[in-house]
Amino acid sequence: MSTRRRAGLAAMAVATLALTAACGSSDNQSAGTPTADNVQPAGQGTSDYGSSGSASGTDGYGGQAGGDNGGKAPQAAPSAGTLALHQDSELGPVVTDSKGMTLYRFDKDTADPSKSNCSGSCATTWPVVPADGASAPAGIDKSKLGSVTRADGTKQLTIGGWPAYRYVKDTKPGDTKGQGVGGTWNALAADGKKAGAEKPGDVSVFNHPQLGSILVDGEGRTLYRFNKDSAWPMKFGCNDACLDTWKPAKPADRSKLNGIAPKLISTVTRPDGTRQLAVDCWPVYWFTGDKQPGDINGQGKMGLWFAVSKEGKKITTTP
């Protein structure tokens, strides 16, 4: 072998050794160890508790114990926008953001004074709801909305003093998968209390911030009575085209009432044979212009339509 060929082979060997040392021999890059180029995407490998790891290593928040998110603040969550109330079949009215995603409260937080005790991995599983841009719908008292400054300086929305969160496992409007997680998480009611204190009834009482205690049906819709009807003798003033806008409320089971005396509930039969709910002998209706619990868009319409109190009387207050 010529001297020139030996020199070339030696140079190639040195280059190969150098390349190996640079690309594959790091002490921190053994087989199976993540590197900057193969970090696991967020949401992958989640457990039944809503974050990575096994159920046995949870922190009581519904997330992974011991993690602190690498010392980094969780990614900023979107604004809640104009809040809404969604009627859940088991929990009754629950607070949601403008896109219908349920908002939650945490038992380990405090409301007076407002303080959040969910940070690090907890706040990854339960993203905080920013205070900026949040506003109240008709069914939530504006004075119940506030904010608390977190340790990282961000302002978190509070409802009735309780810091508000979303849940990463809720994937569509109306989901309440965070309800009861860890025995410490609950959907928020309009006043900041825990939703579901009472299961919704065929007729229930809703504490409205402007009208006080009003009656709602099983879907959470405000019930109205019409001045052109009468209780005795029975008379129906809403017929034909009127019924396109004002729908007769369905009869109620007296064993499924919340907050109203059963003696006030009865059923009347309309001229066309339809059976309709009556309160204190007055036929009651729901308004197609109301879209969510707490809406009172029918209140005072034409000076003839009025919400009904828990005593069965019409409420004449006009917002």
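Visitor: Tyr 285 and Trp 305, then: buried or exposed?

Guide: Both are buried. Keep in mind that this is a predicted model.

Visitor: And how many degrees lie between the planes of Tyr 285 and Trp 305?

Guide: It's 85°, with 5.2 Å centre to centre, which makes the aromatic pair edge-to-face. Tyr 285 belongs to strand 18 and Trp 305 to strand 19, so the pair ties together parts 20 residues apart in sequence.

Visitor: How many aromatic pairs are there in the count?

Guide: The count comes to 12. Take Trp 126 and Tyr 167: their ring centres are 4.1 Å apart and the planes sit at 20°, under the 30 degrees cut-off, so that pair is stacked.

Visitor: Where in the chain are Trp 126 and Tyr 167?

Guide: Trp 126 is in the loop between helix 2 and strand 6, while Tyr 167 is in the loop between strand 8 and strand 9. They're 41 residues apart, so to speak linking distant parts of the chain. Trp 126 and Tyr 167 are both buried.

Visitor: Which residues do ring pairs link into a cluster?

Guide: Tyr 104, Phe 106, Trp 126, Tyr 165, Tyr 167 and Trp 185.

Visitor: Switching to charges: what sits over the ring of Trp 286?

Guide: The charged end of Arg 221, 3.9 Å from the ring centre. Arg 225 lies over the face of Trp 282, at 3.9 Å from that ring's centre.

Visitor: Zooming out, what does the secondary structure come to?

Guide: Three helices and 19 strands. Of the 319 residues, 41% are buried.

Methods:
Residues numbered from 1 in each chain as written. Predicted model: local features only at pLDDT ≥ 70, side-chain atom pairs only at ≥ 80, totals over all residues. Heavy atoms only, no water. Helix = DSSP H or I, 4+ residues; strand = E, 2+ residues; numbered from the N terminus. Buried < 20%, exposed > 50% of the residue type's maximum accessible area, 1.4 Å probe, protein only. Phe/Tyr/Trp six-rings, centres within 6.5 Å; stacked < 30°, edge-to-face > 60°. Lys NZ or Arg CZ within 6 Å of the ring centre and 35° of its normal.
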